[in-house]
Amino acid sequence: MNWLTLAICGLAVGLVASLIFIGKRWQLNSKPYWRRPIILAGLLLLGTLAGLLPLKPLDSGQLTTDSDVIFVVDTTYSMNALDGRDGGTRIDDVKKDLRTFAQALGGSRFGIITYEKTATIYLPLTTTYSDVDTAADTLSAGAYLYSTNDPSLSDSLKAAKTYLDKVKAADITRHQVVVLMTDGELTGAIDTPDKVKTAAEQLAQTADATVVIGYGTNNGAKMPEIRMNFSGSGELTRSPYFAQGTVNGKFGEVTSRRDETELRAIASSLRGNYIPAQDIGQATSTITDARKLAADRKAASPESQALRQNILHVPLAICILGWLFVTEVLSLNRVRTFIGTWGKRL
């Protein structure tokens, strides 16, 4: 209990004592037209003072089921690069990690936003793990080099902010964690570091906690050529050849590298942590810690405080009704006569 709590409690006690003194001094107890307004005013003032009491933040462990985890996933062509864990592609690692994170963060709601040329709400918020599992199964990166000439990470961050704003408007008690899963390459003409920084800073004002996971390696890897399998189901397949393109004015095999400098800059703008995807254990624990941090921030927010303080008015209303019933209704002559008559019969 801090000094402000003591001061408010002392003021409340002083107010009650003053009302008792005034009532006896001017004999207001015998005058209902004075007594009733004073009682009501005193109780209402006590309730107002109770609403100002600073409340202890809720335990974040009790709030994990109120968390929304939004995965913003890079599905541009570079996510096909062959420098994922165990020699797979970056997008393969993303699909595995989505399942791992969803299992580790049980009780939360999960959503997925993907981006290539445009941002798409790939999976609306859901509490069902099988929905995340199915979404991960169907997730794929861009099939052709030209398909991501103008990827827009900044648009995806704006889309995430818009989506979270709607979620918060529907329920202000929930807290949000944004997990950005990307290699950090800004290869198109739309995105610039400044645009991404501005979008990240705006998203940070809505999200309660953020984590950036960097896929690929700093050394980079060649890009496989993706072809349509017309003889079968029409699925995209990886050919034994590597993609050819013009890079820095030279034609040859296309190599993609994780841009760790940009990834760290994005994490800083989001006011979150950056973790390389190679350390899946650390990434999982970082996201778990981010959820706790988001819960703590939400519990300490003015909105949460106001909701919890408003609950104090419920017992206040009960006290007012009880007091008026006992002191006013039961004191009426007709009521007393009615009670006395039934008492004699019983």
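Serine 78 is buried, with a relative accessible area of 11%; buried here means under 20% relative accessible area, exposed means over 50%, and partly exposed is in between, with a 1.4 Å probe and protein chains only. Before I continue, a word on provenance. This is a predicted model, in which local features need pLDDT of at least 70 and side-chain atom pairs count only at pLDDT 80 or more, while totals for chains, interfaces and linings use all residues. Residues are numbered from 1 along each chain as its sequence is written, and side-chain values use heavy atoms, with hydrogens and water left out.

Serine 78 sits in the loop between strand 1, residues 67-74, and helix 3, residues 90-104. Helices (H or I, at least four residues) and strands (E, at least two) are DSSP runs, numbered from the N terminus. Which residues does serine 78 contact, once its neighbours within four places in sequence are left aside? They are Arg90, Asp183, Glu185, Met223 and Ser256, where contact means heavy atoms within 4.5 Å.

The loop between strand 1 and helix 3 also holds aspartate 86. Is aspartate 86 buried or exposed? Aspartate 86 is exposed, at a relative accessible area of 79%. Its phi is near 60°, a positive value in a residue other than glycine.

Arginine 271 likewise has a phi near 60°, positive although the residue is not glycine. Arginine 271 belongs to the loop between helix 7, residues 260-269, and strand 12, residues 273-276. With 59% relative accessibility, arginine 271 counts as exposed.

I turn now to the aromatic rings. A pair of aromatic rings is described by the distance of the centres and the angle of the planes. Rings of Phe, Tyr and Trp (its six-membered ring) pair if their centres lie within 6.5 Å; planes under 30 degrees apart count as stacked, over 60 as edge-to-face, and the rest as tilted.

How many aromatic pairs does a search of the whole structure find? The search finds two.

Because phenylalanine 71 lies in strand 1 and phenylalanine 110 in strand 2, residues 109-115, the pair ties together parts that are 39 residues apart in sequence. Phenylalanine 110 is buried, as is phenylalanine 71.
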